Amino acid sequence: INHIYQQMETYRYSPENVRHVTFLLFTDIYRQYSSLDKEVYDATLQRIHVSSSVKELKAWLDQILDSIFDHPDAGKRYSELVTGAIGVISSNYQQDLTLKSVAEGLHVNPVYLGQLFKKETERSFSQFLNQVRIKKAQYDLLNSNKPINEVGYDIGYNNPAYFFKMFRKLNGLTPKEFREKYLTNYQSFE
């Protein structure tokens, strides 16, 4: 992590890119360790959103890692199979993914994968996929000038009405309302 943050400072990453890299690092850490709960996840997302410096973000990640190492009983959050499915979702969310296609790629029974996925993540495969897509849509809405329908297409929704429905369901706001509300509050780094 020290090296990654040093590189970002050396190459003068934009504030949005530093936040995005921090988010990616944190989600990888979060997936691996069961000692991190939903409260830590939500607090970290808020911290990333309002951070004013690279050092502040690095210090926050260091603090999270210290808390993990202070709890040696903290095991992996998910089994290897579910971790593999999450990896497929994370890498290919913009494609037409189904539980069946992911299960075939992992060489397992779709029913078994679906049950295991639900048990370990407490969400169905489709709920998890939609959450990944909507998180990416949030990022794109705040960091690009793309039309809202294009954001939906880019993250894997071929039907704009379904994209709007899922976005509103998970955020309580339409994509347009989200962009208008949070874009003005999106602070830049010092």
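**Reading salt bridges and positive phi in a predicted model**

Arg12 sits in the loop between α1 and α2 (15-32); helices here are DSSP runs of H or I with at least four residues, strands are runs of E with at least two, and both are numbered from the N terminus.

Q: Before we go on, what kind of model is this, and how are residues numbered?

A: This is a predicted model, where local features need pLDDT of at least 70 and side-chain atom pairs count only at pLDDT 80 or more, while totals for chains, interfaces and linings use all residues. Residues are numbered from 1 along each chain as its sequence is written, and side-chain values use heavy atoms, with hydrogens and water left out.

Q: OK, back to Arg12: what is its phi, and is the residue buried or exposed?

A: Arg12 is not a glycine, yet its phi is positive, at about 50°. Arg12 is exposed, with a relative accessible area of 76%. On the cut-offs: buried means under 20% relative accessible area, exposed over 50%, and partly exposed in between, using a 1.4 Å probe and protein chains only.

Q: Which loop holds Glu122, and what is its phi?

A: Look in the loop between α7 (110-121) and α8 (125-143) for Glu122. This non-glycine residue also has a positive phi, about 65°, and Glu122 counts as exposed at 68% relative accessibility.

Q: Now for charged pairs: how do I read a salt bridge?

A: The general idea is that side chains of opposite charge can pair when their charged atoms come close. The rule used here asks for a side-chain nitrogen of Lys or Arg within 4 Å of a carboxyl oxygen of Asp or Glu. That gives a count of six salt bridges.

Q: Which parts of the chain does the pair of Lys55 and Glu9 link?

A: Lys55 and Glu9 form a salt bridge, N to O at 3.8 Å. The pair links distant parts of the chain, with Lys55 in helix α4 (residues 54-69) and Glu9 in helix α1 (residues 2-10), 46 residues apart. Lys55 is exposed at 60% relative accessibility, whereas Glu9 is partly exposed at 40%.

Q: How far apart are the closest N and O atoms of Lys146 and Asp154?

A: In that salt bridge they're 2.7 Å apart. Lys146 is partly exposed at 25% relative accessibility, and Asp154 is partly exposed at 32%.

Q: And what does Arg168 pair with?

A: Arg168 pairs with Glu177 in a salt bridge, the closest N and O atoms being 3.9 Å apart. Arg168 is partly exposed, at 43% relative accessible area, and Glu177 is partly exposed at 34%.
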